[in-house]
Amino acid sequence: MVRLTDLSFGYRNQPSLFSGLNLSLGVGHIYGLLGKNGSGKTTLLKNMVGLRSPQAGRATVAGEDTAKRRPNVLSRMFFLPEEPYVPDQTAKVFLGMNSTFYPQFDRTLFGGYLEAFEVPEQRVLTKLSLGQQKKFMVAFALACRTKLLVMDEPTNGLDIPSKVQFRKVLASAFDEDRCIVLSTHQVRDLDNLIDSVIILHGGAIKLNAPLDQLTSQIRFGNVSGADTADILYGEQAIDGTHAILPNPEGASSKPNLELLFNAVVSDSGILLDYLTTEGVR
Ligand SMILES: Nc1ncnc2c1ncn2[C@@H]1O[C@H](COP(=O)(O)OP(=O)(O)OP(=O)(O)O)[C@@H](O)[C@H]1O
């Protein structure tokens with residue numbers, strides 16, 4: 001569905017952010033793109049959807065270069081920026097002007113999402129609070145039912161109940177024909193929501209793997225004392241060492257995204273080397 005091939009990009013008069021980057025994303029997945037502040041997540045997503053043009057290499061969706069901004073490609077994807085712009089209009093006027101670009105837009109679903117987010121439908125959009133504006137745009141993005149949906153930091157600015165609602169609504173909107181990409185630097189926000197993780201660090205994709213494939217090869221758990229010998233990565237805590245371990249017996253464990261992220265961006269390459277050996281990366 002999405003393919004970045006040997007992609008290089010840097011802003012004018014700045015060092016290159018990516019050089020020869022490759023990434024392939026398929027339908028039927030909700031990807032979490034994780035990276036530190038300033039690692040280039042937004043820039044990567046903008047290259048993906050054609051809002052920035054690669055200096056070398058290609059970004060394609062369904063085989064077409066997104067930088068060409070062809071209408072038939074644009075109607076199949078939706079990019080929601082971190083701080084979406086809303087016009088000084090009512091929802092009705094906004095929908096009239098924008099939903100026509102998306103042939104699969106579903107008005108009933110949209111109304112249901114707004115209700116779930118408790119966003120009033122009659123108000124002028126600029127009169128909504130920033131959180132309500134964001135939820136309005138999330139509802140619109142989901143209701144467009146595009147094959148590719150890319151959301152940059154979708155949970156930023158949402159209160160805790162809204163984050164819970166966001167998970168529910170997104171899970172209900174997902175189907176096997178869609179590819180959803182969510183970026184965040186707040187790793188915990190994506191817990192129990194994504195099925196695949198992409199980690200961007202140092203201008204490269206350090207990891208791109210389904211969580212079930214990861215947990216078949218590694219185990220997340222707490223260990224203490226003598227058990228620490230096998231650890232691929234660990235962090236000391238009050239209740240022992242929160243650890244990532246080899247998983248030769250294929251035991252099931254709940255992925256700890258924060259620990260995984262810290263392990264991948266740490267200087268220790270032990271976990272990544274292990275995953276390479278096990279064929280997960
Ligand atoms: N329009 C721009 N012109 C020049 N430099 C930019 C521009 N936009 C971003 N940058 C720089 O590119 C780098 C990557 O920025 P980007 O916004 O892609 O990172 P990010 O991972 O999304 O960060 P965050 O998690 O803080 O949102 C940063 O060093 C940033 O200062």
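Into which domains is the chain divided? The chain is divided into domain 1 (2-202) and domain 2 (211-277), with bounds that come from an automatic or database domain assignment. This is a predicted model, in which local features need pLDDT of at least 70, side-chain atom pairs count only at pLDDT 80 or more, and totals for chains, interfaces and linings use all residues. Residues are numbered from 1 along each chain as its sequence is written.

**View 1. The whole chain.** The chain has 9 helices and 13 strands; these are DSSP runs, helices being H or I of at least four residues and strands E of at least two, numbered from the N terminus. The radius of gyration of the chain is 20 Å, close to the 19 Å that the globule rule gives for 281 residues, so the chain is as compact as a globular protein of that length. The radius is taken over C-alpha atoms, and the rule is 2.2 Å times the number of residues to the power 0.38. Along the principal axes, the C-alpha atoms fill a box of roughly 65 × 40 × 35 Å.

**View 2. The two domains and where they touch.** The C-alpha centres of domain 1 and domain 2 lie 30 Å apart. In this region, 11 residues of domain 1 are in contact with 7 residues of domain 2 (contact: C-beta atoms, placed from the backbone, within 7 Å). On the domain 1 side, strand β9 (residues 196-201) gives the most, with 4 residues. That side of domain 1 divides into 5 nonpolar, 2 polar and 4 charged residues. Here Ala, Val, Leu, Ile, Met, Phe, Trp, Tyr, Cys and Pro count as nonpolar, Asp, Glu, Lys and Arg as charged, and the others, Gly among them, as polar.

**View 3. The largest nonpolar core.** This core has 68 residues, and A139, A141, V150 and V181 have the most contacts inside it. Such a core is a set of buried Ala, Val, Leu, Ile, Met, Phe, Trp, Tyr and Cys residues joined through C-beta atoms within 7 Å; buried means 20 or more other C-beta atoms within 10 Å of the residue's own, with C-beta atoms placed from the backbone. Helix α5 (residues 130-143) supplies the largest share of the core, 8 residues. Leaving aside its neighbours within four places in sequence, A141 is in contact with F78, L80, L149 and M151.

**View 4. The ligand shell.** Among the residues surrounding the ligand are Y11, K41 and H185 (C-beta atom, placed from the backbone, within 6 Å of the ligand). By class, the shell has 2 nonpolar, 9 polar and 1 charged residues.

Methods:
Buried ≥ 20, exposed ≤ 12 C-beta atoms within 10 Å, placed from the backbone.
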